[in-house]
Amino acid sequence: MTSRMIILTGLILGLFSAWPTAATPPYTAIIIESGSPYFVPKSVTVSTGSPIKWENPTAAEHTVTHTGCLEDGDQCAFDSGLVLPNGTFALPGLAPGRYPYICRIHPIMRGVITVTDSSVPSQL
Ligand SMILES: [Cu+2]
């Protein structure tokens, strides 16, 4: 084995070990709550193309709205519309960047998604 192959194998094994176990869905889950911090976890970091799903177990309707949607439509990355009680909202993945978001109905509810570029290893 060349050292290059060993490094590659290590990377692949690392990817698999980081993959969620069979019982865990392959998306990042964010739970909507009625009290602070409202979005749990409030701050999430995912890699490019990694899906994210919000779950609403509360008795109220909420939205998951990128703050860019509030200012200029061109900057709007995602807007869930109403997420009903027991409803969910899923994003298939986002381009690298930082995406603050709020609930349109309760603007005190705020969270942020940070998307890192998965093609650039961050710890080498
Ligand atoms: Cu809300």
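Me: How does Cys76 count, buried or exposed or partly exposed?
Reply: Cys76 counts as partly exposed, because its relative accessibility is 32%. Keep in mind that this is a predicted model.

Me: And what is Cys76 joined to?
Reply: A disulfide joins Cys76 to Cys69, with 2.0 Å from S to S. The link is right-handed, with 75° about the S-S bond.

Me: Is Cys69 buried or exposed, then?
Reply: Cys69 counts as buried, because its relative accessibility is 15% and the cut-off for buried is under 20%.

Me: How many disulfides are there in the whole structure?
Reply: A search of the whole structure finds one.

Me: OK, what about Cys103, buried or exposed?
Reply: Cys103 has 0% relative accessibility, so Cys103 counts as buried.

Me: New topic. What order do the strands of the open sheet have?
Reply: The open sheet has four strands in the order β2-β1-β4-β6, and the pairing is mixed.

Me: Which strands stand at the edges?
Reply: Those are β2 (39-40) and β6 (88-91). Each has a single partner strand, so one side of each has no neighbour in the sheet.

Me: How many bridges join β1 to β2, and do they run parallel or antiparallel?
Reply: Two bridges join them, and the strands run antiparallel. Strand β1 covers residues 28-32.

Me: Which residue in β2 stands opposite Ile32?
Reply: Phe39 stands opposite Ile32.

Me: What's between β1 and β2?
Reply: A loop, and Pro37 is found there. A cis peptide bond joins Ser36 and Pro37, with omega about 10°. Tyr38 is in the loop between β1 and β2 as well.

Me: What is the phi of Tyr38?
Reply: Tyr38 has a positive phi of about 70°, although Tyr38 is not a glycine. Tyr38 also counts as buried, because its relative accessibility is 17%.

Me: Which side chain of opposite charge is nearest to Lys53?
Reply: That is Glu55, 4.8 Å away. Lys53 is buried and has no salt bridge. The reason is the cut-off: a salt bridge needs the nitrogen within 4 Å of a carboxyl oxygen.

Me: What is Lys53 in contact with?
Reply: Leaving aside neighbours within four places in sequence, its contacts include Tyr27, Ile30, Thr88 and Phe89.

Me: Last one. Where is Ile105 found?
Reply: Ile105 is in the loop between β7 (97-102) and β8 (110-116). Ile105 counts as partly exposed, because its relative accessibility is 40%.

Me: How far apart are Ile105 and Thr63?
Reply: They are 42 residues apart in sequence and 6.9 Å apart in space, C-alpha to C-alpha. Not counting residues up to four places away in sequence, Ile105 touches Thr63 as well as Glu61, His62 and Leu82.

Notes. Residues are numbered from 1 along each chain as its sequence is written. This is a predicted model: local features need pLDDT of at least 70, side-chain atom pairs count only at pLDDT 80 or more; totals for chains, interfaces and linings use all residues. Side-chain values use heavy atoms; hydrogens and water are left out. Buried means under 20% relative accessible area, exposed over 50%, partly exposed in between (1.4 Å probe, protein chains only). Lys and Arg count as positive and Asp and Glu as negative; His and the chain ends are not counted. Contact means heavy atoms within 4.5 Å. A disulfide is a pair of cysteine sulfur atoms within 2.5 Å. Two strands pair if DSSP finds at least two bridges between them.
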